[in-house]
Amino acid sequence: MGNSVIVLGAGMVGVCTAVQLARRGDAVVLLDRQQPGRETSYGNAGLIQREAVEPYGFPQGLLPIARAALQRGIDVRYDWAALPGLAGRLAQYWRNSTPQRYGAIVRDFARLIEHALHEHAALLAEAGGQELVQQSGWIKALRDERALALLQAHARQLERDWGVQSTPLDRAALQALEPGLQGGFAGGLHWTQPWAVRDPGALVQRYAQYFERLGGRILQGDAASLQPQGAGWAVQTAQGRIDAQQAVIALGPWAEPLTRRLGYRLPLFIKRGYHRHYRSQALQRPVLDADHGYMLVPMQQGLRLTTGAEFARLDSPATPVQLLKAEQVARRVVELGEPVEAQPWLGSRPCTADMKPLVGAAPRHPGLWFHFGHAHQGFTLGPVTAQLLAQLMHGETPLVDPAPYSPQRFRG
């Protein structure tokens, strides 16, 4: 006989959590204010990134920091009004990105990434959705020959250390792979293992439909209404109050206000990102313009232009400056066409100061579990960390050592 569990959040992370628990016989309710896959999981680049063994760190060195602070590029933007409230967490982020600490973080992060393709493949075999997935990899393109040589050397190191596979591309090879790509690129690197998903939100919905076939229920409601109830937990839904023995917070960027109300002070912050689709079929696979920090991704809706990171508050008004600048550059790189949407899409990535997700039991609340903080890799890692969390909840042998991702590392 399984447990009764409420899973809060129906993005990739929450849906995969619900699937893994339902597979083990738990009675699971998946709760969100929207349908599955309509928030952060809808708006990413749609990549399942086997190569992403190195999480995005804070810039190191005076020149990169100055460039980011002065917002001279497209890849990073700061909302200055939000910085006073973010300063402490960004300082921790910078400290954890220094060479003395970053190497250990990469080792912990890479151990999760190594399982990403296998765990997604297992879900696809049951849930369907293979037609949404293109096993084509993606390309990182550069204009400078010296930067290109450094990138390709680093890729060889990643292959030796973590089995990451790639193919170096000179100018001619890049042009042969992507004839529609212009812009004076010297070449690039083709990461050959990642999968490109042509509709990320639709894939999450496929996994959610599989969850329902397993007997799970998807309800709409207010995750902020979660509260202890006797020996368990309760939450308000459109169908009334739901009680369960256990609850999982898988709310991505919305985990911070709920955990704070429960008394936790976790070093969480968000990176916002924008995207827009254009009526173009110029590319066959995703391409990152590494000099400017935007990505072009073929999607069912059109060619998706995605931006880098905007440091802001979760509820701040949209400021799509990065996307407008990226569009100007992208129009010199491909035939972009007209925009599909009237306004750009805005989403938020849930980040921790040490770049690792929180996966495990809440330190001070029996029956409560944390599963958030995946930053840029929630879409990639959702099935992996869901498997790990379900194993912890059921006392099974874990996929990897869970200690590096435990909420116990943040005792505040």
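Tutor: By class, the lining of the second largest pocket is made of 13 nonpolar, two polar and four charged residues. Keep in mind that this is a predicted model. The pocket has a volume of about 270 Å³, and 19 residues line it. Nearest its centre lie Arg89, Glu256, Phe269, Ile270 and Leu314. Several elements give two or more residues to this lining: helix H3 (83-96), helix H9 (255-261), strand S14 (268-278) and strand S19 (345-352).

Phe269 and Ile270 are both touched by phenylalanine 311, whose other contacts include Leu86, Leu90 and Tyr93. Phenylalanine 311 also belongs to the largest nonpolar core, which has 85 residues. Within that core, Phe311 is one of the residues with the most contacts, along with Val7, Leu21, Leu90, Leu203, Tyr207, Val248. Apart from this core lies another, of 26 residues, among them Leu219, Leu262, Leu358 and Phe370.

Let's finish with the cysteines. A disulfide is a covalent bond between the sulfur atoms of two cysteines. A search of the whole structure finds zero of them. Cysteine 16 is in no disulfide, as the nearest cysteine sulfur, in cysteine 351, is 19 Å away. That distance is too far for a bond, because a disulfide needs the two sulfur atoms within 2.5 Å. Both residues are buried: cysteine 16 has a relative accessible area of 1%, and cysteine 351 has one of 3%.

Technical notes
Residues are numbered from 1 along each chain as its sequence is written. This is a predicted model: local features need pLDDT of at least 70, side-chain atom pairs count only at pLDDT 80 or more; totals for chains, interfaces and linings use all residues. Side-chain values use heavy atoms; hydrogens and water are left out. On a 1 Å grid over the protein atoms alone, a cavity is a set of points where a 1.4 Å probe fits but cannot get out, and a pocket is an open set with protein on both sides within 12 Å along at least five of seven lines; lining residues have an atom within 4 Å of a point. Grid points are joined across faces, edges and corners, and a volume is the space filled by probe spheres set on the points. Helices (H or I, at least four residues) and strands (E, at least two) are DSSP runs, numbered from the N terminus. Ala, Val, Leu, Ile, Met, Phe, Trp, Tyr, Cys and Pro count as nonpolar, Asp, Glu, Lys and Arg as charged, and the others, Gly among them, as polar. Buried means under 20% relative accessible area, exposed over 50%, partly exposed in between (1.4 Å probe, protein chains only). A nonpolar core is a set of buried Ala, Val, Leu, Ile, Met, Phe, Trp, Tyr and Cys residues joined through side-chain atoms within 4.5 Å. Contact means heavy atoms within 4.5 Å. Lists of a residue's contacts leave out its neighbours within four places in sequence.
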